[in-house]
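Hi there,

Here is the structure I promised to pass on to you. Have a look, and then read on for my notes.

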Amino acid sequence: MMPDSANIEKSDDTVPMRILAWSENRPLWQRDALRRIVLNGYPDEAAFEELLALCKKEHGDETVTLAARPLSKDHLPVDPGVGESVSLSGIANVSGVNQLATGQTLNFEESGLTIVYGQNGTGKSGYTRILKRACRSRHAGEIMPDVYSASPTRTAKAELKISRASGTAETVAWEDEGQTEEMLSAITVFDRDAASVHVQKKNEVWFRPFGLDIPDDLAGVCQEIKARLTTEQETLEQKRNSVFLNPIWSSRSELGKALSSLRHDTDVGAVTPKTAFSNADEARLIKLQSDLAQDSAVAAQAQRDYAAQLDQLETYLKRIEQTLNDEARQALHATKKGADDMRMAANTAAHDAFSGLALVGVGETVWRTLWESARSYSQMAKEGGTPFPPSAGDICVLCHQQIDEPTAARMLGFEDFIKKDTETKAAEAEHAFKEAEQKFRSMVVHVNKVSAAYRSLRAGNFALARQVLRFIALARRVQGQTLAQLSGQDVPNPLALPESVAEAVNTEAAQTRVYAASLDDASGCEAREALLDEQADLQDRKQSHELLDIAKTEIARLAELKRIEDCLRDTATTAITRLGNEIADNLITPRMRDRFQQEIVALAGNRVRVEVVRSGGKFGSPQYEVKLYANPKAKVHDVLSEGEQTCVALASYLTELANASHTSALVFDDPVSSLDHRWRSKVAKRLAKEAGVRQVIVFTHDMIFVNDLAQLASQRNTPTKLAHLTRGQDVVGIVNKDLPWTASSIRDRIDKLEKEARAATRLFEENDDEAYKTAVSSLYSRLRATWERALEDIVFNKVVMRHRDYIDTKNLKRVTALEEADVQIFQKGFKKCCDFVDAHDPSRGHDPEPPEPSEVMADIKSLQDWTEGLRSKMNRVS
């Protein structure tokens with residue numbers, strides 16, 4: 001809302017300050033736009049790109065790093081108050097401004113007129129750019145350093161000497177982009193850019209007092225930003241992935257439901273599957289796709305057959321577990337140990353019984369085997385068998401020799417040993433171990449034993465199949481290690497039987513039977529619907545990577561669309577139009593319109609008959625159009641010339657100044673660059689008049705305008721200071737006092753000639769004849785030119801002037817003051833000058849001596865007396 005006028009300090013109750021107060025509740029990007037408009041005018045393409053980025057940043061675009069710089073009091077001109085004024089005394093110590101030379105001082109007349117003349121490219125614009133930047137002018141532009149310098153000074157600096165109406169003087173150390181002295185902003189600068197502020201040319205010519213264009217420009221910025229945002233919005237709308245029209249996901253799955261209801265603030269993490277799609281998921285999906293695609297009864301029977309295979313597998317796994325578990329293996333090892341212990345006891349008994357024999361090993365395993373073999377052989381040696389062991393006198397079935405008494409007794413001892421209990425128990429224990437070992441060894445541990453069930457499991461539950469395969473493989477190794485240990489081998493780090501998977505197989509079988517039952521259900525029943533939901537979830541989880549990429553892209557698109565929608569709301573111009581209306585109602589009063597008419601008449605007389613008419617407005621502030629009195633319907637911009645439109649702009653500018661509460665300095669940069677003599681003289685007259693009430697500084701390259709302005713100021717007795725700028729080697733802006741020789745007045749030229757004569761006198765006194773002769777020749781050349789200029793300025797009283805496109809007849813009568821004696825003095829002085837100039841190459845025999853210094857000074861005095869005397873006589877002509 002527009003701040004209440006009562007809440008604004010009276011000293012701050014200006015259009016810019018009202019706009020500043022109003023802007024405090026506006027979006028930051030608009031406040032930045034206001035700063036740009038105030039400083040540089042309507043934004044260019046680069047500025048629009050930055051403003052669009054700032055608008056998006058304000059609504060959450062984190063990719064924008066640019067920071068907004070809102071309009072502040074530091075950017076606005078300050079009203080120093082009623083009765084106060086600020087004048088410029090000079091500019092000094094300039095650096096970093098284009099090619100302006102350093103060490104120069106440009107002084108100004110504080111209470112009158114200063115004219116700074118310079119041809120194109122001599123530095124006038126450099127000095128005005130300093131003033132525009134330092135004085136917070138509209139369209140101040142940027143100051144470039146010396147682009148031709150190898151090491152240019154980057155920051156523009158200068159010392160600005162100012163004085164106030166109270167007599168206080170101070171020097172402001174100005175630095176571009178730094179804090180500027182507030183009071184400098186009371187000084188205003190009018191140039192081509194300022195003219196475009198006051199008179200805007202769109203389809204018509206508009207009257208735009210300072211400040212009224214700001215809401216209009218801001219509304220234009222909003223419309224441009226809106227247009228760019230709308231274009232981006234349309235582009236984003238077209239970028240919607242066509243997959244949303246023909247989804248590749250299922251409306252049954254959780255992921256599919258999320259994709260169908262995406263918003264700009266959807267959390268991708270919330271819809272991302274918690275687990276990755278596994279091989280088991282793949283197998284399950286294939287199974288569901290196959291089963292749900294065929295007849296439900298056939299699919300159910302297949303599942304029951306599969307469950308039966310799982311039962312067989314479970315039984316086999318349990319057999320393995322029963323045979324190879326820790327308890328069974330420990331029991332086998334215990335049986336082996338018991339047999340070994342019994343055999344050791346039998347061997348001990350045999351040792352005790354046969355220790356006296358010559359041969360060792362009697363009674364041990366090998367020996368027993370041999371003994372029993374001999375017994376078996378004796379039973380088969382002949383029909384009916386032979387007693388074993390043989391008695392004394394029998395023939396030995398092994399050696400075929402007759403058994404003597406000691407041998408028979410020894411063999412009977414052997415038989416008694418065999419028949420004792422220790423040996424029997426040892427043999428029984430060994431037999432029991434062999435049976436247990438054989439049973440353990442006979443357990444075939446290999447997946448091929450259940451290959452059909454394993455293949456079905458692998459197709460239905462790959463993960464469980466891998467667990468089963470691992471269990472069988474490890475069980476086979478446990479079996480091998482156990483047999484190796486039983487055979488007496490050393491097995492380091494023997495394996496333990498892994499955890500049973502039989503229960504998992506049992507669970508799979510139970511779930512398969514439940515699944516089979518659900519397949520038996522008719523289509524549409526709850527169980528079948530659950531399977532269809534599961535299949536959809538698995539299908540979308542399988543393609544979740546692709547779907548999530550689509551989701552992320554769509555969420556980013558929706559977020560950008562939401563941001564654009566929020567930005568578009570910022571571009572509404574209702575509040576801006578309200579501000580413009582209030583400013584216009586307060587600013588463009590009947591009194592201001594009347595003053596505008598007075599300024600137009602003063603500048604253009606009756607040549608430009610226009611008036612200011614309110615013609616409505618679409619955005620921003622209402623439009624005040626400049627209309628022709630004679631034909632209000634005519635297109636003014638087609639009728640008025642560029643010069644006439646410049647006069648309208650200057651009239652608008654001066655109208656505002658008339659309503660200001662202070663009389664601070666005005667600076668004009670080439671105010672007549674597009675005007676011919678008809679308008680130029682009017683502008684000169686108006687500026688000379690203004691110089692009577694405030695300081696006026698004019699930079700111009702138009703020498704005729706310089707002369708007109710200087711003459712008008714002289715007629716008004718307005719203090720006037722003249723200066724001109726020249727170029728140097730690689731620099732511009734070299735300050736010279738007064739105007740250049742060709743534009744100097746007769747009095748100024750005589751003053752310069754006297755200085756040259758004194759300089760030549762020093763050469764004469766130093767006996768530097770050649771240098772003296774050259775100096776005198778140059779002096780007489782300038783003296784001759786001054787005699788000629790005196791004809792134009794004094795004799796003909798500027799009635800006719802070279803290169804001026806009009807004749808001033810009002811002073812023609814004064815020309816009659818010229819007498820014969822005046823003509824003779826002129827001819828004598830002019831001829832003498834011709835004798836000593838190098839206008840032509842003299843003959844070899846003619847080498848005249850130059851006049852002595854006293855004679856030179858006398859010749860200059862002759863010109864001075866002649867001009868003053870003639871002026872005096874002319875002034876007496878009524």
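How many bridges join strand β4 to β5? There are seven, and the two strands, β4 covering residues 157-164, run antiparallel. One spot to look at is Ala158, which stands opposite Trp174 in β5.

Before going further, please note that this is a predicted model: local features need pLDDT of at least 70, side-chain atom pairs count only at pLDDT 80 or more, and totals for chains, interfaces and linings use all residues. Residues are numbered from 1 along each chain as its sequence is written, and side-chain values use heavy atoms, leaving out hydrogens and water.

**The sheet.** β4 and β5 belong to an open, antiparallel sheet of four strands, ordered β2-β1-β4-β5. At its edges are β2 (105-107) and β5 (169-175), each pairing on one side only. From one strand to the next, the twist averages 20 degrees. Helices (H or I, at least four residues) and strands (E, at least two) are DSSP runs numbered from the N terminus, and two strands pair if DSSP finds at least two bridges between them.

**The cysteines.** Counting pairs of cysteine sulfur atoms within 2.5 Å as disulfides, the total is zero. For Cys222, the nearest cysteine sulfur is that of Cys55, 8.7 Å away.

Best wishes

Technical notes:
Axes fitted to C-alpha atoms, helices over the stretch in contact; angles between N-to-C directions.
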